[in-house]
Amino acid sequence: MRHGSFFNVFTLQRSFHDSVCFFSLSQEPLFQVCEYNAKLSLPHLPEMVFPNNVLMIQHSSRPYIKLYFSALDALKMVDATTLPEVQVGPSAVWQQSRLGGAPVNQLLNRFDWTYSTDYQGTVEGFEIEATNEAIDMEKLKRRDPIHFYSQIALYEDELADHGCAQLSVRIRVMPACFFLLSRFYLRVDGVMVRICDTRIYGEHCSGYFIREWSKREAKFTELSSTLLESVLDSSAIWQHLPVVDFNRTKLTFPLD
């Protein structure tokens with residue numbers, strides 16, 4: 001935990017991989033994988049889910065005002081009824097590897113096997129409005145001392161060895177401000193790359209945060225040979241991908 005002038009930052013980390021779910025007619029599910037199966041409509045979870053990994057920013061004196069990132073809430077935004085627009089070989093390979101080899105056209109479990117999510121964090125207690133005020137990136141370029149840094153993974157899947165779907169969050173807290181980046185990175189080898197970023201910036205005692213969300217993506221055929229060498233590194237490729245969607249909001253602490 002890290003204390004700011006008006007907020008606290010918490011990070012919790014733990015994971016489950018292969019878990020067994022037991023149900024009882026008279027009891028709640030005993031394991032977290034059961035909770036995920038009960039609350040999500042997805043027929044399959046990503047290969048690695050980190051249900052106890054949470055990054056939270058909470059008002060120091062009004063704890064009901066908070067912003068946090070969790071795997072469960074992110075997976076709730078994955079399309080559980082429709083196959084992705086990426087209708088290529090990996091789709092058939094993935095579906096058959098997970099669903100017993102049945103022909104794809106006979107499968108009933110049609111969902112977004114890329115686990116793409118537009119999740120921008122779970123917000124409680126803030127007033128939210130659209131804004132034109134942008135994050136001051138020049139301030140973030142200053143070499144201010146970093147009082148606290150943390151990075152956590154929320155979920156990952158290797159798409160049956162045909163790419164990668166990964167959601168992670170990281171934060172750094174400086175003397176006068178903090179900066180958070182949540183990134184969903186999708187790579188379908190030989191086909192496309194997609195990056196959905198949520199950036200949140202707040203200055204101590206300002207009374208509000210700025211949140212910017214963007215979706216960038218491109219097909220491999222649209223990238224130069226030089227850029228194709230960078231698709232394995234989301235930090236290197238993201239700024240070279242065209243923006244296909246964007247929004248900016250202000251998260252304001254309500255008056256007492």
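Biologist: How many bridges join strand E8 to strand E9, and do they run parallel or antiparallel?

Modeller: Strands of a sheet pair through backbone hydrogen bonds, in a parallel or an antiparallel way. In this predicted model, E8 (residues 148–157) and E9 (residues 163–173) are joined by nine bridges and run antiparallel. Gln-151, for example, has Arg-170 in E9 as its bridge partner.

Biologist: In what order do the strands of the open sheet stand?

Modeller: The eight strands follow the order E3-E8-E9-E10-E11-E12-E13-E7, with antiparallel pairing. E3 (48–49) and E7 (127–130) are at the edges with a single partner strand each, so one side of each has no neighbour in the sheet.

Biologist: Which strands are joined to E12 by bridges?

Modeller: E11 (residues 192–203) is joined to E12 by 11 bridges, and the two run antiparallel. Here Ile-195 stands opposite Arg-216 in E12. Nine bridges join E12 to E13 (residues 243–252), again antiparallel, and Tyr-208 faces Thr-252 in E13 across that pairing.

Biologist: How many residues of E12 are buried?

Modeller: In a regular strand the side chains alternate between the two faces of the sheet. E12 (residues 208–219) is mostly covered, with nine of its 12 residues buried.

Biologist: What lies between E11 and E12 in their hairpin?

Modeller: Four residues separate the strands, and Cys-205 in this hairpin takes a positive phi near 70 degrees.

Biologist: Is Cys-205 buried or exposed, and how many disulfides are there?

Modeller: A disulfide is a covalent bond between the sulfur atoms of two cysteines. The count here is zero. Cys-205 is exposed because its relative accessible area is 64%, over the 50% cut-off. Cys-196 is buried because its relative accessibility is 4%, under the 20% limit.

Technical notes. Residues numbered from 1 in each chain as written. Predicted model: local features only at pLDDT ≥ 70, side-chain atom pairs only at ≥ 80, totals over all residues. Heavy atoms only, no water. Buried < 20%, exposed > 50% of the residue type's maximum accessible area, 1.4 Å probe, protein only. Pairing = 2+ DSSP bridges. Disulfide = S-S within 2.5 Å.
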